[in-house]
Amino acid sequence: MSGLMAGKRGLIMGLANDKSLAWGIAKKLADEGAELAFSYQGEALKRRVEPLAAELGSDFTFDCDVSDMAALDRAFETLKARWDTIDFVVHAIGFSDKNELRGKYVDTSLDNFLMTMNISAYSLVAVAQRASAMMPPLQEDGSGGGSILTLTYYGAEKVIPHYNVMGVAKAALETSVKYLANDLGPRGIRVNAISAGPIKTLAASGIGDFRYILKWNEYNSPLRRNVTIEDVGGSGLYFLSDLSSGVTGETHHVDAGYHVVGMKQEDAPDI
Ligand code: NAD
């Protein structure tokens, strides 16, 4: 198999259906010759993930709830039983109680704060510990090491109504990317994030007034459109391939340029 990802294999975490950001990334990786394994959360998603994995030539899928450290250990043991090493991991996971993804951040409960932080931010650290142990040692010719990619959102940087505790968790996630990049850099392991613009997915449907956010971004971003999972997939391919060999600790916006705009566009219609 030829292609940018020929000879590379890795784990995709966070595929729920064909609208998932993880699906946009997985498709681009498979097109370029990557060999993929998929972890899903619970039996209900197994039925959705298996046929999608098969579409990309993979029969390697297994359960993994990232809030359960024993489950994470089991998942990586399953991975290790079939593959000695991996070259990359996609962490496309976030979760919060949707009752707290509306209204005000000031009303966040301790339980949901801790759960959101655990699943949406700490899980990257837990995954990086286990994934980095499976990445090949860095060689003198620069081969070896690996690439870890997570997904974040602009609500980490600026207040987005209703994003609330998820914004705080994404800020922790983005800072984790920097610390993990620094810790794992000497081993040739790169850690980066894509900050994606709003896209209609299962997770996004839990965010209050998401349709308003989509319209606002479409009317006010420099490209005057929303991004797609294919846009995210293209940038994902860059981060997981050797094209980005000198890049780590980065949060890269794939948001049609929305993050550079400071005011409503003059031509933006009322929503
Ligand atoms: P999605 O619903 O398709 O994917 C979210 C995934 O998280 C699901 O597969 C779900 O099973 C998984 N998940 C949740 N809790 C888990 C747990 N405890 N253990 C294992 N997996 C768990 O939605 P998506 O929008 O593709 O989300 C993927 C990532 O992209 C998330 O981190 C999200 O915050 C981020 N993101 C999404 C958008 C957007 O607008 N959709 C924008 C920027 C960033």
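Me: How much space lies in the second largest pocket?
Reply: Keep in mind that this is a predicted model. The lining here comes from 18 residues, and Gly144, Gly146, Gly188, Arg190 and Asp242 are the closest to the centre. The space in this second largest pocket comes to about 290 Å³.

Me: What volume does the largest pocket have?
Reply: By class, the lining has 25 nonpolar, 13 polar and four charged residues. At least two lining residues each come from β2, β5, α5 and α6. The volume of the largest pocket is about 1,100 Å³.

Me: Is strand β1 mostly covered or uncovered?
Reply: Buried means under 20% relative accessible area. In β1, which spans residues 9-13, four of the five residues are buried. That makes the strand mostly covered.

Me: What is the handedness of the β-α-β crossover from β1 to β2?
Reply: β1 and β2 pair in the parallel sense over five bridges. Between them the chain passes through helix α1, residues 21-31. This crossover is right-handed.

Me: Which residue in β4 is the bridge partner of Leu11?
Reply: β1 also runs parallel to β4, residues 88-91, with four bridges joining them. Over in β2, Leu11 has Ala37 as its bridge partner. In β4, the partner of Leu11 is Val89.

Note on methods. Residues are numbered from 1 along each chain as its sequence is written. This is a predicted model: local features need pLDDT of at least 70, side-chain atom pairs count only at pLDDT 80 or more; totals for chains, interfaces and linings use all residues. Side-chain values use heavy atoms; hydrogens and water are left out. Buried means under 20% relative accessible area, exposed over 50%, partly exposed in between (1.4 Å probe, protein chains only). Two strands pair if DSSP finds at least two bridges between them. A crossover is right-handed if, with the strands pointing away from the viewer, the path from the first strand over the helix to the second runs clockwise. On a 1 Å grid over the protein atoms alone, a cavity is a set of points where a 1.4 Å probe fits but cannot get out, and a pocket is an open set with protein on both sides within 12 Å along at least five of seven lines; lining residues have an atom within 4 Å of a point. Grid points are joined across faces, edges and corners, and a volume is the space filled by probe spheres set on the points. Ala, Val, Leu, Ile, Met, Phe, Trp, Tyr, Cys and Pro count as nonpolar, Asp, Glu, Lys and Arg as charged, and the others, Gly among them, as polar.
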